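Thank you all for coming; I would like to walk through one model with you this morning. Please have the sequence and the structure open while I talk.

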Amino acid sequence: MKFSEQWLRSLVNPNVNRDQLVARLSMAGLEVDAVEPVAGEFSGVVVGEVVECGQHPDADKLSLCVVSDGEQQVNVVCGAPNARAGLKVAFAKVGAVLPGDFKIKKAKLRGVESFGMLCSNSELKISDDHSGIIELPADAPVGQCLREYLNLNDVAIEVDLTPNRGDCLSLVGLAREVGALYNVPVSYPQINEIAASHEQTLSVELQAPQACPRYVGRVIRNVDLSRPTPDWMKTRLERSGVRSIDPAVDVTNYVMLELGQPMHAFDLAKIRGGIRVRMAQQDEPLTLLDGQQVKLNSDTLVIADHERALAIAGVMGGEDSGVNVETTQDLFLESAFFDTIAVAGKARSYGLHTDASHRFERGVDWQLAERAIQRATELLLDIVGGEAGPVIDACNSEAMPKTAEVNLRADRVNSMFGLELGDSEIETLLKPLGLQLNAQGAGQWQVQIPSHRFDLGIEVDLIEEVGRLYDYDRLPVRYPAARLAPQKKAEARAELPALRRLLVARGYQEAVTYSFIDEDSFALFSPQQAPLKLANPISADLSCMRSSLLPGLLKALAHNLNRQQTRVRLFESGLRFVGQLGELKQEPMLAGVMTGLRLPEGWAHGKDKVDFYDLKADVEALLGAAGSLDAFSFVPAQKAGFHPGQCAAIERDGKVIGHLGALHPQTAAAMDIDQSVFMFELELEAATAGRLPQFSELSKFPEVRRDFALVVDAGVSAAAIVGCMRERAGEWLNDLRLFDVYQGQGIEPGCKSMALGLTWQHPSRTLTDDEVNSTVERMLQGLSDEFGATLRK
């Protein structure tokens, strides 16, 4: 909401300066985004009059003007095409300083001396218009300071309102707030009831009363739209960011800014029959005022006549029924109340955003429509003349909102804020907002909520209003008096922040993606599940709740690859959503993706690309962060989205808690990825659970190491061999390490050689060769029985 400070102060004028007013508005929840002067800094510019205007003797495009400043007449050379005798202008005298510290001096232009300058709007930073010099009204007093005459010592203030404060999308609403904040009187606009001078009306049918329970209209005949909009109205509109168009449109925009009621003016001659407020027919055509042709959806509320749609209700009028300055003689004014839910999102669905839709989506005073049409009628008759007919008020009282009543307790207010406010102080704070407080005993009221404050519905809303108006800065500050014992920290867990830091240290960057994905991406990774679809998605690409974090991460990876980032490592922690409503499970997950070179580009680094084992090392680092890496096992698996030959399931206690592997080539092609990608996804709860560290004394006795080269079938996994050896190696096994795998010459086809090193150490004595040899024999026998393993010769 953008408005002129002078306009606001014409309604309410607290005894504070501009900076104090802006700060108080922001602290009251009406955050001020910008304060901009309506004109640049200049001095020495007065109202001048062009007494004579002739052709420059040596230049075809220059004029030689004689300009009066009320005290003397001087020659001024001017290049503006609209310079003419009798015109009142903005005259910068010699010595004047224009925006940008541009000083006006006596100059000689093409041999003719010029004593000053005739200014355009752009030169004074009033607007961007540089088509010609400023044309002032004929009654402008010659010699008066231009800043004073045009009231340029003003600023445009822009406030960023929260969606619940639609009541402040008007000057009257803002004035009411300022009056309440400073407890000063407000001079509301006087709205007179305009009597009808003829009996012509239009029939109005409310065919969708839940969406539009009230529609007020009025016929105004014999208007003269060729008359100009008054300068005072143009100025207020322009300083509020609204362009002046014609008197009919300007008046409806002015009433919207002043009172907060969006209005529309139809050309009466273009309305066939009467007005019908109804839902659109599917694909019903409508050409809007901006020339855009749309096909309406069946859930869109429209204003129609008996033959066709005329406007999208609460959004924008149609071109076919629009006002034309040259041809329109009779107007039909519309002032209606549309339900917030009925119009919410409709403008956006057609690629529109208008001042009217902005207000109706946030809520408009449901008792304002008749007052607004009276105000607009009075302004129109003053500006363009005409004859007003009776006010047409079609209303479905059952569908209209009802006045709310809320109970308020003083002790509740004081306990919330730590104050001791008396009953009279609370009443003084709330009454200027239009709230009617009916005492129900000492410190208790039944508060009747006015129609413009549709955001107030329960007691805490009223308590918040008391705090706002009292001023949050004045509330007492008290520290809690409580025993704040430190929380227990689970030592047998790896917390998520630690895992984040670990991945960052290994070269990953954290990503945050949407919890919504498109249906095709969902099917790539969860083809056996039915997606949980959103009832009102932001877009078709964000229509399903994700059952895996990988689709979002892969889209982020593709986004980086498309921008020449060939080495990418990303991770994300978040929820996945499994099942449908009623049985929905929200599971915290941790996922990551990697692609490109193993090491950053550099002269000392190779150009090897990442592979499955690079990813597995990162996953093992994660799983080992809680100190229980040996509780996990990796087994071959197949999963949608993963390459069937390069995918492993991660198991803990026989339960699958995640997967890692290469991205399936078909999935990569579907996601526009043209290089190898490796990825993992883990259940966060299972991955972070560990074991409590146990102290063990370092042994001072020597270790005993044995190395073995085992020949086994090529299909036997290293994990199976290691597991079998651990079971039979005894309690004094200190380390078991696989350090080589070989296939080739000297090894039978279909077999492989695995070299392992085992280290034993006793805590209190030296192990003998007999003890170690018996353990080795038992272990080798078990390997032979279970896997047919033999020692390589």
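Let me begin with a term: a residue is called buried when its relative accessible area is under 20%, exposed when that area is over 50%, and partly exposed in between, with a 1.4 Å probe and protein chains only. Please keep in mind that this is a predicted model, in which local features need pLDDT of at least 70 and side-chain atom pairs count only at pLDDT 80 or more, while totals for chains, interfaces and linings use all residues. Residues are numbered from 1 along each chain as its sequence is written, and side-chain values use heavy atoms, with hydrogens and water left out.

Helices and strands here are DSSP runs numbered from the N terminus, helices being H or I of at least four residues and strands E of at least two. In helix 13, the buried residues are Glu 459, Asp 461, Leu 462, Ile 463, Glu 465, Val 466, Gly 467, Arg 468, Leu 469 and Tyr 470. Because 10 of its 12 residues are buried, helix 13 is largely enclosed by the rest of the structure. Taking contact as heavy atoms within 4.5 Å, the elements that cover these buried residues include helix 2 (18-27), helix 4 (171-182), strand 23 (405-409), helix 11 (410-417), helix 12 (423-430) and strand 25 (444-448).

After helix 13 comes Asp 471, which has a positive phi, near 95°.

Strand 25 pairs with strand 24, residues 436-439, in the antiparallel sense over four bridges, and Ala 439 has Trp 445 of strand 25 as its bridge partner. Four residues lie between the strands of this hairpin, where Gly 441 takes a positive phi near 130°.

Elsewhere, strand 15, residues 275-279, pairs with strand 12, residues 204-206, in the parallel sense over three bridges, with Glu 205 opposite Arg 276. Strand 15 also pairs with strand 18, residues 301-304, this time in the antiparallel sense over four bridges, and there Met 279 stands opposite Leu 301.

Technical notes:
Two strands pair if DSSP finds at least two bridges between them.
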